[in-house]
Every structure is written in C-alpha cells, then in structure tokens.
Amino acid sequence: MYLRNVSLLNFRNHKNTSLDFSPGINLIIGENGQGKTNLLEAIYVLFNGKSYRTSLNDPLIFLKEELSVVRGNFINKGKDESVEIIFKIGETKIIKINKTQNQGIKFLKRLTNTILFSPEDLKIVKDGPDKRRDFIDEVGEQINYDYSHLKWKFLRILKHRNHLLKQVFIRKQDERTLDLWDERLALSSVELIRAREKIVEKLKPHCERIYSKVSPIGTLGACYLNEFIKRDGEDIEGEIIQKLKEVRRYEIERGVTLVGPHKDDLGLYVDGMDVRLYGSQGEQRVVSLCLKMAELELIKKEKNRTPLLLMDDVMSELDEKRRDNLSEFILNLKQSIITSTNLDYFNPKYRDKMTLIKINKGLVEGKMC
C-alpha cells in the first residue's frame, strides 16, 4: 500500500493543505504546535474513518467553519483507490470510497492497514493491563475481519451481566437469572481467549526478531496471560462457569464481573525478567516500539500487503543507537510518514534517503527529496 497524496480542508489547523508523498520515508519537520501531528492524524482518519485522538467529530473542524474534508489517493495491490471523508458540525461523517458514498469503516478497513506509533504507545508496557489488551485487540482487528465482532459480542454480554448484577444487589432481579448469563459469558469468553492466544502466538517470533535488531542485548519473550488457558486443548467453558459461581457473592456486592478476558494481560519478558516490573524506562520504550513493529510485520504476512507506518515524534524518546537501528528498519518498508522537531535525530546516512517536508503554522513551507 502506498499513499500518493492527501488534501485537507479546514482540518484542525490546516485551512487548505495539499501534499504529495514519496515511496520510502517521508520526514515531516516542524516546531511543536505547527500542525505535524494534525497532518498525521488526518492520514490516520483517511485510512481508518476515525481519529485516534478523539471520538468526536467537531474538534476536527477548523475554528468557526462548518465542515472539514480529508481526501487522499493511494495504490493498493497495484490498483488506484481514493477516499474522501467529510465532517460536518453536529452531523454524522460521510465516507466516500472511490467516489461511492457511505461504504462505511468496515469496507475501508478491508482496503487499508495503518500502523500508528505515537508517544502514547510508549505506555503499552509500563501502564496497566488494559493498554496491552487494547494492543492485542488492535492487532486482531488488523488481521482478522471477524475479530471486531468477537470482541463486540463479549463486551455486550459483559455490559448486560454487570447491569444484572446491580439489579440483583438491589433485589430487582432474582439471582438465578445470572445462571443463563454465566453460560453466555463463558462461551463468549472462550472464543475471545482463543482468538487472543492465537494472535500472541503469531506475534511472538516477530517480536523476538525485531527486538534483536533494535536492541541486540537480551531476548524478548511474550505470552498471553489468562488463568484458564490449557495447553492440552481442554474445554475451559465449564471452568469459567464454576469460577463465576465461586465469586458471585463478591460480584453482586461490587456490581461488576470479576472473571473473563477483560481481566487478561500480555506478559513481556527480557531474558525472563518482567519488563514492566524490572525494565528501565528506556527498555520499556524499546519493547513498546518492537511490539508495534511486530504488528506491522504480522500484517505483512497475514494480509500480503505492507501497512503504511505513521510515527509521531518517537525518535526524541530513543537514544542515538536505537534511533539508528529503527531508521535502518523502516528504510526497508514500502512507505512511512514520520514527524519530528529535530532533523539531527536522524543520522545523515539515513537522512539522505528520506523525503523532507517542512511545516509551519499549518502550511507546507517546503519539500525536498
């Protein structure tokens, strides 16, 4: 997949911006607050139908304007494709794919894959389990069109069961009504647990290989942490139901479900040591970065296309050696778009192979290959 161009009308601080992109690394340089991240966000919106920074549409529209438009053209498996997304104040967004309106995000996701790495993603390792579960789910949605439905079905059952627990606590529902929902939750949990386990197993070899390139000291290991997983292939549905019965009294008192894949985690280890507990901040950053690069490599293998890599001011968080190792890695990708405040973060031997783009106050001031 290769992004040819993008144009923004009233998107964030970009009043009217048009830009062509080259194969390889496109490096966007500018001071903080000039519109680099907004441009990256627009590209993400183009390929995903939504922002990664807000769930609302109105903040994407330039101050005092009525609408915002993001357009782009890209090549997918040798075929020219176009996407246009229109945001209007107080209205539902409009998605046009190849000039056909309202194809929807699902259809868009079948055409494209994008890997975003921002400073927030550096928290994947050091933050709580929810960050790592979100990462597994993100990978699942990238490589399997049915994964989103699996997750949605589980969350719907979980929400209903939590509501029922609260109703039982205030005696508006009979406790026996939980039995049916225990069975539904257990069945859905097994489906999601098995899917996540397969995702992590597929990710592991890519994590190990990339870590050895970016940080050639030590070995990175990963495993899906779930108390019910059995390697002998046993059915775990009954065990989940039994566990739910054991903790039911606590669940009713608290009004939340205490058993299920919404409590799981991704274990990450360097030479057998838990990176979250024992890794330095620098080590945690590198492992987070390797996870995202492993995601990219897995998508390449599973979908037979190279995702577009978007990186927002990540180099400032790495030391010189790891910046060079990362630059070496991304040079081999079909296309990447990277933002930075400092050109000196990039070794001249890599910089000479990049397309440089300068942005100031939402305007493209210059481009040079």
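A nonpolar core is taken here as a set of buried Ala, Val, Leu, Ile, Met, Phe, Trp, Tyr and Cys residues joined through side-chain atoms within 4.5 Å. I worked throughout on a predicted model.

**Entry 1: cores.** I looked up the largest nonpolar core, which has 75 residues. I noted that I240, M311 and I330 touch the most other members of this core. I then asked which element gives the most to it, and found α6, with 15 residues. I also recorded a second, separate core of 33 residues, with M1, F47, F74 and I97 among them.

**Entry 2: I330.** I listed the contacts of I330, leaving out residues up to four places away in sequence. I found that I330 touches I25, L309, M311, S336 and I338.

**Entry 3: helix α10.** I turned to the helix α10, residues 320-331. I read a reach of 17 Å from the first C-alpha to the last for its twelve residues, close to the expected 16 Å. I listed R322, R323, D324, N325, L326, S327, F329 and I330 as the buried residues of α10. I found these packed against β3 (24-29), α6 (178-214), α9 (281-303), β12 (308-312), β13 (335-340) and α11 (348-351).

**Entry 4: α4 and α5.** I examined helix α4 (residues 129-143) and helix α5 (residues 147-169), whose axes come within 7 Å and cross at roughly 135°. The two helices are therefore oblique to each other. I assigned the contact to D137, G140 and E141 of α4 and to Y147, S148 and K151 of α5. By class, I recorded three charged residues, two polar and one nonpolar in this contact.

How values were computed: Residues are numbered from 1 along each chain as its sequence is written. This is a predicted model: local features need pLDDT of at least 70, side-chain atom pairs count only at pLDDT 80 or more; totals for chains, interfaces and linings use all residues. Side-chain values use heavy atoms; hydrogens and water are left out. Axes are lines fitted to C-alpha atoms, for helices over the stretch in contact, and angles run from 0 to 180 degrees between N-to-C directions. Helices (H or I, at least four residues) and strands (E, at least two) are DSSP runs, numbered from the N terminus. Angles under 35 degrees count as roughly parallel, over 145 as roughly antiparallel, 65 to 115 as roughly perpendicular and the rest as oblique. Contact means heavy atoms within 4.5 Å. Ala, Val, Leu, Ile, Met, Phe, Trp, Tyr, Cys and Pro count as nonpolar, Asp, Glu, Lys and Arg as charged, and the others, Gly among them, as polar. The expected span of a helix is 1.5 Å times one less than its number of residues. Buried means under 20% relative accessible area, exposed over 50%, partly exposed in between (1.4 Å probe, protein chains only).
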